[in-house]
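Subject: Structure for you to look through

Dear colleague,

Please find below the structure I promised to hand over.

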Amino acid sequence: MKYLFLFTLSIALLSPLSAQELSFYHRTGRFQLGTEQNRTASVSVGDVDQDGDLDIVVANGRHWAQQNYLFLNSGRGHFSVILPLGQARSTTYAAELGDLDGDGDLDLAVGNDMAPNRLFFNDGQGVFTERGSFGESYASTRNLKLSDLDADGDLDILITNRGMRNEICLNDGKGSFAAPVFFGTADDSTIDVETADIDRDGDVDLILANRDGGQNYIYLNEQMQFTERIPFGTGSDETRAVGVVDLDRDGYLDLITANIEEENRIYFGDKDYRYQTMIELEGADPTYSLVIDDLNQDGYPDLIFGNSGAPNLVYLNPKTRSGFQKISYAEQTANTYDIITGDLDGDGYPDLIEANSDALNLFYFTRLKKQKE
C-alpha cells in the first residue's frame, strides 16, 4: 500500500521546551469515501449507529438528482459499509445530522435545490426512514443549519436560499416542523448562515454569508424577531461561507468570511459589535467552504478553507491578530464544496473531511506528536 505524508510542521506550544509535530496523513486509494465521483455538495459527521465512532453522510447532486449515502465507520477510520439514504435521488446541497425528535439518536435533515426538503429519522442503529418534509417545496436551497432558535430545548432548522427568502422552521419537539417563517430579504442571496449570541443577550443571532455582490449581515434575535441587522464586509462581497469564533480570546466573537475570487477575511469583534477591525488572509483563491477547529491542540482555534481549483488551506492561529501561518496540506485542486472536521480514527485529534464535486471525497488524519529536543 502506498503511503503519503502530505505536510509536516514544527510549532512551539505553551512552553519553548515542548515542541510538537503536526502532520496530515493520507493513504492514496484508501482514505476516500467510495469510488464514485459525484457532484457532492456537503458532508456531515456523527455517530449514527451509536457504536462510539463517527460516521459520515455524503450529500450529492446540487442541481442534478443523485443518490445520497451513509458511510459507516469501523472504528478506525475505515468506511467499508456504504448505505443509500432514501429511495429517491435528490438535488441535495446539504444534509445535516441532529436529534430532531428528542429520542437520543441522530436524525437527518436534507436540503434540496428546487425540490422538497426531506426528513429522515433514525431507529437508533443507523437505519433511516424518510418521514415528512420541511420548508417551501421548491426553493433554491443552498444550506441548512440546525439550532435551537426559540430556546425551547429542541433543534429548529434554518434554510438558506440563493436569490429567495431564507426560512426558519420551528420544531415541535417531536420532529414535526411548522410552516416556515422568513428572515432576511429576497435580495440577500444567502449561501451560508451561522448562529451565535453576538450581542450577548442570551439568545441566538443569525450571521449571513451572501453572494452575488450582496451585503453580509448579522440579524439580531429579539424574541424571535430578526429586524435589527448589523452589516459587515465590504458591501459587495462574494461570500460563500462564514464562521464565528473568538479567535483572539478577548471575549468577543469574531467573524471569518470565505470569499470567491477575493481574499478571505477576519473581522474582529468588540463591545460595539460593528466589526470594523479586519485583516485579510494571504491569497485570493475561490473559497467555497470553511471550518474552525483546534488542529494543533494549543487551545486556540485554527481555520481550514476548502477551495475550488486550488489547494485547500490550513491557517494556524498565532494567538495574536496577525501572523496566521498558511499551510497547503495537499496538492490536489478539486472543487471542494464543503470541508469539515471530526475525529475519525479515535485518536483525540480532529481529522479533515472534504466534499469534492466531480471528484473523489477524501479525508486526512491529523497527527500531533512530541519531538525529541
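**Strand β21 and its partners**

In this predicted model, β21 and strand β22 (residues 277-280) pair in the antiparallel sense over 4 bridges, where strands are DSSP runs of E with at least two residues, numbered from the N terminus, and two strands pair if DSSP finds at least two bridges between them. Within this pairing, Phe268 stands opposite Thr277 in β22. Strand β20 (residues 254-259) also pairs with β21 in the antiparallel sense, over 3 bridges, and there Thr257 is opposite Arg265. The hairpin of β20 and β21 has 5 residues between the strands, and Glu261 takes a positive phi near 60° in it.

In a regular strand, side chains alternate between the two faces of the sheet. From β21 (residues 265-268), Arg265 and Tyr267 point one way and Ile266 and Phe268 the other way, and all are buried (under 20% relative accessible area, with exposed being over 50% and partly exposed in between, for a 1.4 Å probe and protein chains only).

**Salt bridges**

The structure holds 16 salt bridges, each being a side-chain nitrogen of Lys or Arg within 4 Å of a carboxyl oxygen of Asp or Glu. One of them joins Arg265 and Asp237 (3.2 Å, N to O); since Arg265 lies in β21 and Asp237 in strand β18 (residues 229-237), the pair ties together parts that are 28 residues apart in sequence. Arg265 counts as buried because its relative accessibility is 6%, and Asp237 counts as buried at 1%. Asp237, Glu262, Arg265 and Glu280 are linked in a network of salt bridges.

Another salt bridge joins Glu282 and Lys326, with the closest N and O atoms 3.8 Å apart. Glu282 is exposed, with a relative accessible area of 58%, whereas Lys326 counts as partly exposed at 36%.

**The cavity**

A cavity is a set of points on a 1 Å grid over the protein atoms alone where a 1.4 Å probe fits but cannot get out, and lining residues have an atom within 4 Å of a point. The count comes to 1 cavity of 30 Å³ or more, and about 50 Å³ of space lies in the largest cavity, a volume being the space filled by probe spheres set on the points, which are joined across faces, edges and corners.

**How to read the values**

Residues are numbered from 1 along each chain as its sequence is written, and side-chain values use heavy atoms, with hydrogens and water left out. As the model is predicted, local features need pLDDT of at least 70 and side-chain atom pairs count only at pLDDT 80 or more, while totals for chains, interfaces and linings use all residues.

Best wishes

Conventions. 1 Å grid on protein atoms, 1.4 Å probe; cavity = no way out; pocket = protein on both sides within 12 Å on 5 of 7 lines; lining within 4 Å.
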